[in-house]
Amino acid sequence: MAAESDRMSNALTPGLSRTSSVVAGDPVHANRELIEVHVSELKQLFNAIDPSPFRERDLDPHAEEFITDWAKEASPGVTFGLAVHLDRPAGPANEPAELREAIHEFFRHRAELSRRRLGGLFRRGRTSLAIGVCTLGVSVAGGNLVGSFFSNHLAQILKESLLIGGWVAMWRPMEIFLYDWWPIRAEATLADRLSVMPVRISYKQDGKADAWQRDWPATSPAARTV
């Protein structure tokens, strides 16, 4: 497994221009940020241990990290395109469309998961805020009660301690509503942008014409040749 991960990491390199290649799939306009990936086989892009059908299968973690890191470094307002440079001749005519739908479905799912996390975070934030406000109110009331009955130095220390404890209880909701939510929202927004990007494949013209039959997920196991 470690050797496979290393091979996957090394294979995901920006594609270089090729003189003996044929391009299929979506057109990618020049004003888009083109994310380029070079793999030997399409199956390198997907998680090999995921038993889901092809269109529902997760991307390989290295592939996901490579694509998202590239996108994060791009300007905020650009639109993306994905160019997959594949080291084999073209397979079935619907192969680029299948790849596009699988990638789009993956990032749509990632955007949905991020929004669920954001909703859960806000629910915890509201609960934490209610607890914090109640704790702060009790602490202030308790400190004032101590101050009304005692005026010595120890009473003053106890009053200040209760006040500090009350504000400490407000730390978690303040952290959620001031800092924790926006990175998750940014993840969802980025996934939305990646879920609609055009996808094209650049095939190498030289090689065995039937190489696609051994390249999961271009074909089902029953259709592969031995």
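Leaving aside its neighbours within four places in sequence, which residues is Ser128 in contact with? They are Arg172, Pro173 and Ile176, where contact means heavy atoms within 4.5 Å.

Quick housekeeping. This is a predicted model, so local features need pLDDT of at least 70 and side-chain atom pairs count only at pLDDT 80 or more, while totals for chains, interfaces and linings use all residues. Residues are numbered from 1 along each chain as its sequence is written, and side-chain values use heavy atoms, leaving out hydrogens and water.

Okay, back to Ser128. It sits in helix α3; helices here are DSSP runs of H or I with at least four residues, strands are E runs of at least two, and both are numbered from the N terminus. Ser128 counts as buried because its relative accessibility is 18%. The cut-offs are under 20% relative accessible area for buried, over 50% for exposed, and partly exposed in between, with a 1.4 Å probe and protein chains only.

Now helix α5, residues 171-194. Pro173 and Ile176 are among its buried residues, and the buried residues of α5 pack against β2, α2, β3 and α3.

Together with Leu178, Tyr179 and Trp182, Met174 makes a nonpolar surface patch of about 470 Å². Areas come from the Shrake-Rupley method with a 1.4 Å probe, and for residues only the protein chains shown count as cover.

Conventions
Patch = residues over 30% accessible without salt bridge, like charges linked within 9 Å, V, L, I, M, F, W, Y side chains within 5 Å. Salt bridge = Lys/Arg side-chain N within 4 Å of Asp/Glu carboxyl O.
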